[in-house]
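This briefing goes through a few elements of the structure shown below, grouped by topic. Please read it with the sequence and the structure side by side.

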Amino acid sequence: MNGAIGSDLFHFAYSTRKFATTSERTQGMGAEIDIGDQAREVIAEEEKILAQVIAELERQFQRSGRQLTVNDRRARALTSDMVNATRDEDKQQLASDEAVAHGLSKMKREEVESLEKLLDSPYFARIVLEEVIEEPGRGERNVQREYRLGSYANLDCRIVDWRRAPVSKLYYEYREGDSFSEEIQDRIREGKVLLRRKLDIKAGVLRRISCSLGDFVNDAGTWKPAGNAFRPRAARDYGALPDVLALISPEQFRAITDEAEGSVLIQGIAGSGKTTVALYRLSWLTQQDAQLDASRALFLVRSELLKKYIVASLPALAGLQSLHVRTLAEWLKPEFQRHFGDGAVLVDTPPGVIRVKSSWAMARAVEGYVSAQRARMIEYLGTALPWNALPAEVRRVYDRAIVSTATIPLLRELSSAVTRLAPEGGARAQTLSILEKLERRVSLYREDILRILGDADEFLEQDRSMLLDRELLDLARVRTEEQRDSNTFDAVDMPLLLRLAQLKGLGRQRSAYQHIAVDEVQDMNPVELSLISGSVPNSTALTFVGDAAQELSPLQLFGGFEALRDVQQGRLVSLTVSHRSTRAIMSLADYVHGSDRTTGGRPGKPPLWFKYDTENGAVTEAINWITRLFESYPGSLAVVLCRTAAEARFVGGLLRPTFGNLVRTTGDDDLRLDEGILVADIPSAKGLEFPFGMLWNPSASTYPADSLSRNLLYTAITRIEERLCIVTWGRPSPLLPPKAARLTRVVDEEVVDEDDGPPLLLDRMGD
């Protein structure tokens, strides 16, 4: 509900709501198909419970709405009285009453909004426990307790918030019929899980049930076995993360609720729900820590498209509506300009310079340099200042500051003390002059970089990659000198200079956020990661999420999760089950990457591969495949994945004459994830998912047998949930499997394949 709803507007809003009525929820119920009497009884039971819950929530909604109307009217009346009051004492009394009234109105509005969300989807699971209770003087007895898990609590309806209810652990980590023994709220609880059901409720209607008898789906009022048939979401729903709270695996739940002593590092294969887990973890943390507010948390991503995807998901995530989602560039640029001005930022940087300035060696060298500079400064201040002529309190300020205060705040704190406490005279003037000169010197950050690069022996000692040498250091040093004189910067200088400023205590990065989560962390370089780590109060306020197999930086600077864990002293969590792609698609992805990383996945047909000698034939077949796709799945969403943004723009131009406005490319002003065809470069599409997709001409020249090409192809393949098509002409990438591997259905002969629509060219491989 919009926050503007209140007072008289509430009645209109309620009268026009589109929640299903009881009759609508049962309308069209025909004879269930092949589900059996037991399943029908389960469905009837769950629909009866849901109807009771909806009826109670509707009563609460109306009652709270009426109270909101009264509170809003009173608050407005008090505001009017205060404006019209003439005496100060009347204004003060009215101001106090008005503040209370508006506070009550705000609380009631939040209650109404919560009820509205509950009316749409009140809970996603129901669990019944039989617990052994020992009562004084009566011995042990068995007690049954029922819980309904949702995103918001409502005790009158026995709905508990999964983030706050310890019983949610029993739902996620135990199965129906399991015995449990867990310490919950400082006492051991023992018993048995009598009933455990997953429920999908939308608009107040029960859409799907997963229980011990199987999975059943409500198909336009008729209940059917769900089976393994693919049911693509509506195209518009692909613009946000799906609500998968009921489907979280035990390993995901532990990653979400881990009370870590350091940072949490979540490494997962493609489609394992890494981003979802990170967001649910933030949602969980906001409930566990009263000091953590989502408005002071940051979710960092690399691409603008992934940012839009996550922002669109926030309204459905309890407690995260005010979460800041930023691309790394958006986060860095304002702070950089604040400290270093508007000098031109260059992006065409020699790879050798990037390798040097973004390395773990540079991250370590910067920390060592700033620490040594501070030590030298303290030693100098101890002898250079006229201490005998300064008040003793100045010395005490200095002695306290040198214990832990960073370089620049230390100098400013000392200057402030001298200005306040020292009498006019030579000692005061001399001290302030020394402190001013020192601050100017320690603020010459590019000079710092030149000094770091100039000490090649010390720098190379920090390099464990064995990829850096004196020649590369000289290249970086010369370029830094030239840019200092022309007031230009490489993009790679942004995090490096900000990290120097951060270590010296300049800026607001350290206190700006209470928690930072980083998605696609494998594409962050070590200096960026050091800057991020220094921007939170401690390491427990960090969540890193990614997959080393999807590192798309050409220089491969990340170094792997083991290296990150060593630096962060964090806990590493691995997710190995793909919830997105079919097993057939994941098998192809694993082959391309040269590893067997996937431990699960639903069944599906092998991807199609159209192999042509000429570009014209391949383009024609690609257009035909997309045409058949939209005939079979009208209103759907498909992606065409290209190697580069330039290639994506070119391919978009090839498809527009046939598909018109259905075609969108990354870089479009009106880029959105809904019905149509998105033509995207692989890095821009990373982190997203699509029901259908095409991989555009992965040739030997564009995807040679190297690690970057492996990661690119792996990332592209794993964007697709169900139907993947590969189109090539000429010599294909050597990373793709041979026909004999039977991982793809290769086009080379005209046959009919019923599952793929009209007659088309397919290999006679069978199913």
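Predicted model: local features only at pLDDT ≥ 70, side-chain atom pairs only at ≥ 80, totals over all residues.

A residue is called buried when its relative accessible area is under 20%, exposed when it is over 50%, and partly exposed in between.

**A covered helix**
- Helix α18, residues 493-503, is mostly covered, with 10 of its 11 residues buried.
- The buried residues of α18 are D493, M494, P495, L496, L497, L498, R499, L500, A501 and Q502, and the helix is followed by G505, whose phi is positive, near 90°.

**The seven-stranded sheet**
- Seven strands form an open sheet with parallel pairing, in the order β19-β20-β18-β21-β22-β17-β23.
- At the edges stand β19 (663-665) and β23 (745-747), each with a single partner strand, so one side of each is left without a neighbour in the sheet.
- On average, neighbouring strands of this sheet are turned by 20° against each other, direction ignored.
- Strand β17 pairs with β22 (residues 720-729) in the parallel sense over five bridges, and W609 stands opposite I726 in β22.
- Helix α24 (residues 645-659) packs on the sheet, where it touches β18, β19, β20 and β21, and its direction makes about 160° with that of β20.

**Salt bridges**
- The count of salt bridges comes to 44.
- R197 forms a salt bridge with E45, with the closest N and O atoms 3.1 Å apart; because R197 lies in strand β5 (residues 187-202) and E45 in helix α3 (residues 36-84), the pair ties together parts that are 152 residues apart in sequence.
- R197 counts as buried at 8% relative accessibility, whereas E45 counts as partly exposed at 34%.
- E45 and R197 also belong to a network of salt bridges that links them with E46, R126, E146 and R148.
- Within helix α9 (residues 328-340), R338 and E335 lie three residues apart, about one turn of the helix, and their side chains meet in a salt bridge of 2.7 Å, N to O.
- R484 and E447 form a salt bridge whose closest N and O atoms are 2.8 Å apart; R484 lies in helix α17 (residues 470-486) and E447 in helix α15 (residues 445-454), so the pair ties together parts that are 37 residues apart in sequence.

**A loop proline**
- P603 is placed in the loop between α22 (583-593) and β17 (608-612), and P603 is partly exposed because its relative accessible area is 48%.
- P603 and S581 are 22 residues apart in sequence and 9.2 Å apart in space, C-alpha to C-alpha.

How values were computed
Residues numbered from 1 in each chain as written. Heavy atoms only, no water. Helix = DSSP H or I, 4+ residues; strand = E, 2+ residues; numbered from the N terminus. Buried < 20%, exposed > 50% of the residue type's maximum accessible area, 1.4 Å probe, protein only. Pairing = 2+ DSSP bridges. Axes fitted to C-alpha atoms, helices over the stretch in contact; angles between N-to-C directions. Contact = heavy atoms within 4.5 Å. Salt bridge = Lys/Arg side-chain N within 4 Å of Asp/Glu carboxyl O.
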